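Hi everyone, thanks for coming. I'd like to walk you through one structure today, so please have a look at it while I talk.

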Amino acid sequence: MPEGLKKLLEPFLALSTGKRLVVGGVALVSLLAFAALITVANKTDYRPLFANLTSEDAGEIVKKLKEQKVPYQITDDGKAIMVPSDKVYDLRLSMASDGLPQGGGVGYEIFDRKNFGMTEFVQKLNYQRALQGELSRTIAQIAGVESARVHLAIPEKTLFKDAEKPATASVVLKMKSNRGLRDSEVQGIVHLVASSIEGMDPEQVTVLDSRGKMLSGNTASDPASKLTGSRQETQRNFEKTQEDKLQSLLDRVVGSGKCVARVTAAFDFKQVEKYEERYDPESAAVRSEQRSEEKGGTTTTASGVPGAQTNLGRTAPGAAGQSGGGSKTDETLNYEVSRSTARIIEPVGALSKVSIAVLVDGKYDLPVGAKPGATPKYQPRTPDEMQKIEALVKSAVGFNAERGDQVTVANIPFQETGEGAGEKPQWYDAPIVQALIKNGLIGLGFLALILFVIRPLLKTLKVEKPASSFMPIQDDAEQAHMLEMQKLAQEKMRVTQIELVEKVKQDPYQAAQILQNWLTRKD
């Protein structure tokens, strides 16, 4: 054992077994605590590089990270990759330059790899795979769609048009947070796929969600569902239009970001058809009219003896008879009460009620004489301002009290005005300051280990050993002789000290010279 190490361990070895265990335990606990402090302080802060990855993209990204020797962690069942926080943005740019993540499937980059021995069948198959991958990536960019899979069935072309089979496509969508797509968005996906394939008809595209529900091509099978979807879309479009109108109006009045408007509309989609028949008793009209007229004149009747004389008008007086004439008139008029008939079809989707809720922020003013950086004080808007804002809202949406419309305008603070509200991030939140604090804590821990653990242990180990412990065992006579010799030596030393003091008093200058020579000696 080296001499230096032996001298260092000699006080420790001189301790009893119990004290050795105590000192060793304290030293071991201190070292473990110090090691834990260093480990926690130097722990790498990991941040997400990419999330919601497919297995193919995750494998490619991990391969790139291994090539660059970058530490990483895989979370969320292999869908998310974590890397050190100081390398997140550099790695994202690097991965983007390599075309990662691809978003699932393979795209046209499959043709970047040249293979001159590839057959025509493999070329067509690769083209179909690339087309499916590109369509999947494009559909995944739509808001609300988390991922998409596209399957194409493109038959071979034949010489006869009648023998050709139409191309078909199937699209499976996985939505974000169980969100749904409007019918117009589904139709947009259908036409996107149909337009990307030569000769494909939109009716040959089928769209499903991840639960197997049919999203397209269900108009004939479920007309009620189609009608319900269109009604909901009509209501949402109206509400969105009114909200945008109110927001643009109020932003000019109270300032941008100082108000929030929400509109809820109710529509009556019942189709009503009415037949009305009205009679007016005060107004009469001639329905039919019938007239007949008869007039009479003088008539002569034959009389007398038949013969020539009678025929020549030679009759006896009184032989011929005459009668007087007259007239007859009949008239019939039929009247009927006035009547009108109407067929009325009321419009479908008539607005039945509108409810508007508007939140308006107040004003924030600094107190008089406030220091820079002080928290502003909230000032609510006056009742007159609130009434004007409410009147503007009613005018903008066409408020109708008879219809049952409701308008609520509330004034609430949008910002926190309590203790610490509106404060900016402090200087100690900076990364470099956090690193300095972390290293400073390590230094303080090391200093505390030295001052409060190692130093007291060293003082404890410096134990004075009594001289008698190293003296051999002696009898009583020898001990008495030794005591007498010690007394004589002490007496002699005391006499010498007295004589030395007397000489110094007699000649202090010489004594000072002697002391100076002792101090300046170099040997």
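Let's start with three strands that form an open sheet, in the order β1-β3-β2, with antiparallel pairing. Strands here are DSSP runs of E with at least two residues, helices are runs of H or I with at least four residues, and both are numbered from the N terminus. Two strands pair if DSSP finds at least two bridges between them. The edges are β1 (46–50) and β2 (73–75); each has a single partner strand, so one side of each is left without a neighbour in the sheet. On average, neighbouring strands of this sheet are turned by 40° against each other, direction ignored.

Helix α3 (residues 55–67) packs on this sheet and touches β1, β2 and β3, and its direction makes about 20° with that of β3. For the angles, axes are lines fitted to C-alpha atoms, for helices over the stretch in contact, and the values run from 0 to 180 degrees between N-to-C directions. Touching means contact, that is, heavy atoms within 4.5 Å. Helix α4 (residues 88–97) lies across β1 and β3 and runs at about 15° to β1.

Back to the pairing for a moment: β2 and β3 (residues 80–84) are joined by three bridges in the antiparallel sense. Thr 75 stands opposite Ala 80 in β3.

Before going on, a word on the basis: this is a predicted model, where local features need pLDDT of at least 70 and side-chain atom pairs count only at pLDDT 80 or more, while totals for chains, interfaces and linings use all residues. Residues are numbered from 1 along each chain as its sequence is written, and side-chain values use heavy atoms, with hydrogens and water left out.

**The whole chain**

The protein chain has twelve helices and 15 strands. How many of its 523 residues count as buried? The share is 19%, where buried means under 20% relative accessible area, exposed over 50%, and partly exposed in between (1.4 Å probe, protein chains only). Among contacts between residues at least 6 apart in sequence, 67% join residues at least 24 apart.

Gln 242 is found in helix α7 (residues 223–254). Is Gln 242 buried or exposed? Gln 242 is buried, with a relative accessible area of 8%. Leaving aside neighbours within four places in sequence, Gln 242 is in contact with Val 263, Ala 396 and Val 397.

The structure holds ten salt bridges, each a side-chain nitrogen of Lys or Arg within 4 Å of a carboxyl oxygen of Asp or Glu. One of them joins the side chains of Asp 244 and Lys 240, at 2.9 Å from N to O. Both residues lie in helix α7, four residues apart, about one turn of the helix. Asp 244 is partly exposed at 40% relative accessibility, and Lys 240 is partly exposed at 46%.

Another salt bridge links Lys 388 and Asp 384, at 3.6 Å from N to O. Why are Lys 388 and Asp 384 separated by about one helical turn? Because they are four residues apart in helix α9 (residues 383–397). Lys 388 is exposed, with a relative accessible area of 52%, whereas Asp 384 is partly exposed at 44%.

Asp 405 forms a salt bridge with Arg 403, with the closest N and O atoms 2.6 Å apart. Here Asp 405 counts as buried at 8% relative accessibility, while Arg 403 is partly exposed at 25%.
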